[in-house]
Amino acid sequence: MRWSQYFLYTSREVPADAEVISHQLMSRAGMLRKHAAGIYSFLPFGLRSMSKMMGIVRRELDAVGCQELEMPVVQPAELWQESKRWRKYGKELLRVKDRHGRDFCLGPTHEEVVTDLVRRNVKSYRQLPLNLYQIQTKFRDEIRPRFGLMRGREFMMKDAYSFHADDTCMDDVYQAMHGAYSRIVEACGLDYIVVDADSGTIGGSSSHEFMVLADTGESAVIRCKASGYAANVEKAVTKLETPEAPASDVLEEVATPGLTTVEQVAKHLGVDPSQMVKTLIYEHDGGIVAVAIRGDREVNEVKLKNVLDAEWLRLADAEKVSRATNAPVGFAGPVGLSVDRLIADTTTQELKNFACGANKVDAHLTGVNWGRDAEVTEFADVLMVVEGDADVESGEPLETFRGIEVGHIFKLGTSYSEAMNCNFAAEEGPDKPMIMGCYGLGIGRTVAAAIEQNHDKDGIIWPLPLAPFQVLLSALNPAADDAVREVAERLYGDLETAGYEVLYDDREMSPGAKFKDADLIGLPLRVVVGSRSLSNGGVEFSLRRAPQEREIVAVGDIIERLGRALEELS
RNA sequence: CGGGGCGUAGCUCAGCCUGGUAGAGCGCACGGUUCGGGUCCGUGAGGCCGGAGGUUCGAAUCCUCUCGCCCCGACCA
């Protein structure tokens, strides 16, 4: 491709709305343009790396037996009503009506459609397993799109869905997909970890996220080096030491005028916050619920939502709190509450003689004990794990990292197949619902993550597999220097003929500007033709990742030299 | 949706406080100059100052309302 004719316009200015480095560089390097919040065009240069990414995905998925298909972006409401997600998915599902007033949505994911496809044609265990995937634009009306491609509303995703006759088969395919995902992420040259994850609105029993480590990542990841345990913070577990119990087991009310925070009350009572139980009042689609948790700890609302099997969850407003506790916000406690359920975190189960709010203004209780003083509906793990907590297995302190979630795989079980009657004739006995798995991977997000991990102050440093072109051929002052122009033109033809992906910078610009652009767009291999290089006996060759190490290579040897460099980079 | 911020040339921004002929740099076009790390000089095109109301002799500037965008939180590939 001749740059002088190419739709590739770089910029030295950082767009005002680009916060993260990948977004800044992709914008400056002319890969994409924004049209609205979370909605982008991919320009030719950017699309090339997306295509590379898609190629890697296809290669690895096809290798583990997946079959590609293409499902509709616009999906009928009926399917979503059948799975009950028309109601459950919430506002993220962009709903539209056609001219007849029929309801449709823009597909954020395709469990319903693929299940509908499979149930029509697959009737027997003999036809299973099956693993279908597509690479397609998804639309999710995110509350807050941000960080360029990291969280778009319209975005390119690879989504795969597997169907099985039994759990063993499900597990095998899950492992195969785990392997394929690992190879994909590795092929992109990314530093990543796989973590236990919450399965969110997609549902299901087990799931793992592929996290690319990056400070700009939106997800917090917990990891233990010793045991190899790794989990999304939403899912992470720990084991806490139970603090020593205060001596008195007498239930007493203590005046705490004006003291509403745990720290204030603990200080006043002369106990540690960990010896207190704080009580938070939540409301959700199933009613009002109180959550008791150790005073020094925070509630993990994702865990809580799962325990409650809630569609939505939020802290109750002041009015609901005072109705539940008969007191203003700040004095809630587990004793004598009027709520639908009282969930206590498991780390409070062993607490004895603890202190807590009295459900009365300016008062707290001491010497409180479960059973005698308060009935808990259920003890459950709703604890937010923090850095330094002990790993359950090794006891070593857990570390936290920031990560970009580029892929997420789920064991779905039979929730969709049951809701949508996707059954098969088993080898023996009655028909059964198929067991399903699903596997998502963000194409644009992975490309963005690759840039987050591979850049320097001058621009992108493309990992070879994702590079829009392999080689940048740059002619310095081609209009003024006939020899330069002739060599560069001939070389461009030769490289194309030899099968290299070449971007030929034949623009009439000053050499300095060309070098700046070359660094910015970050193609792995660079060949510079200039009067100086020619007088030194050839053209100049260098790698983007090591810009200082330039070699002069005879024109006749450059193809061989490029071939060797490609070998080394692969 | 809650909290914060911003909308002025294609891009990055000044001007607004204190109302009075709409600016700079980059980019673009043309001419010259330079030619291995964003050369330099000159000329030029390019604006409904996000939109709508209001105050005023007069509004980019003050007031009200709207729309859009960005950041922090709840959602997720």
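Visitor: Which residues is R507 in contact with, leaving aside its neighbours within four places in sequence?
Guide: Contact here means heavy atoms within 4.5 Å. With the neighbours within four places in sequence left out, the contacts of R507 are W3, S4, P478, K514 and D517.

Visitor: Which pLDDT do local features need in this model?
Guide: Residues are numbered from 1 along each chain as its sequence is written, while chains are lettered from A and ligands numbered from 1 in the order in which they are written. Side-chain values use heavy atoms, without hydrogens and water, and in this predicted model totals for chains, interfaces and linings use all residues, side-chain atom pairs count only at pLDDT 80 or more, and local features need pLDDT of at least 70.

Visitor: Back to R507: is this residue buried or exposed?
Guide: R507 sits in the loop between β28 (502-505) and α13; helices (H or I, at least four residues) and strands (E, at least two) are DSSP runs, numbered from the N terminus. Buried means under 20% relative accessible area, exposed over 50% and partly exposed in between, using a 1.4 Å probe on protein chains only. R507 has a relative accessible area of 14%, so R507 is buried.

Visitor: Which side chain makes a polar contact with the side chain of N232?
Guide: N232 belongs to strand β12 (residues 230-232) and is buried, at 4% relative accessibility. A polar contact is a pair of N or O atoms within 3.5 Å; within protein, one must be able to donate a hydrogen and the other to accept it, and residues adjacent in sequence count only if both atoms are side-chain atoms. At 2.7 Å, the partner of the N232 side chain is that of E209.

Visitor: How far apart are the C-alpha centres of domain 1 and domain 3?
Guide: Domain bounds come from an automatic or database domain assignment, which also gives chain A a domain 2 (252-380). For domain 1 and domain 3, the distance between C-alpha centres is 41 Å.

Visitor: How many of the 11 residues of helix α11 are buried?
Guide: Helix α11 (residues 443-453) is mostly covered. Its buried residues include I443, V447 and E452.

Visitor: Which element supplies the largest share of the surface near RNA strand B?
Guide: A residue is near a strand if one of its heavy atoms lies within 4 Å of it. By that rule 53 residues surround RNA strand B, and the closest are E92, N477, S510, D519 and E540. Several elements each supply at least two residues, among them β1 (32-36) and α14 (531-535). The largest share, 7 residues, comes from α13.
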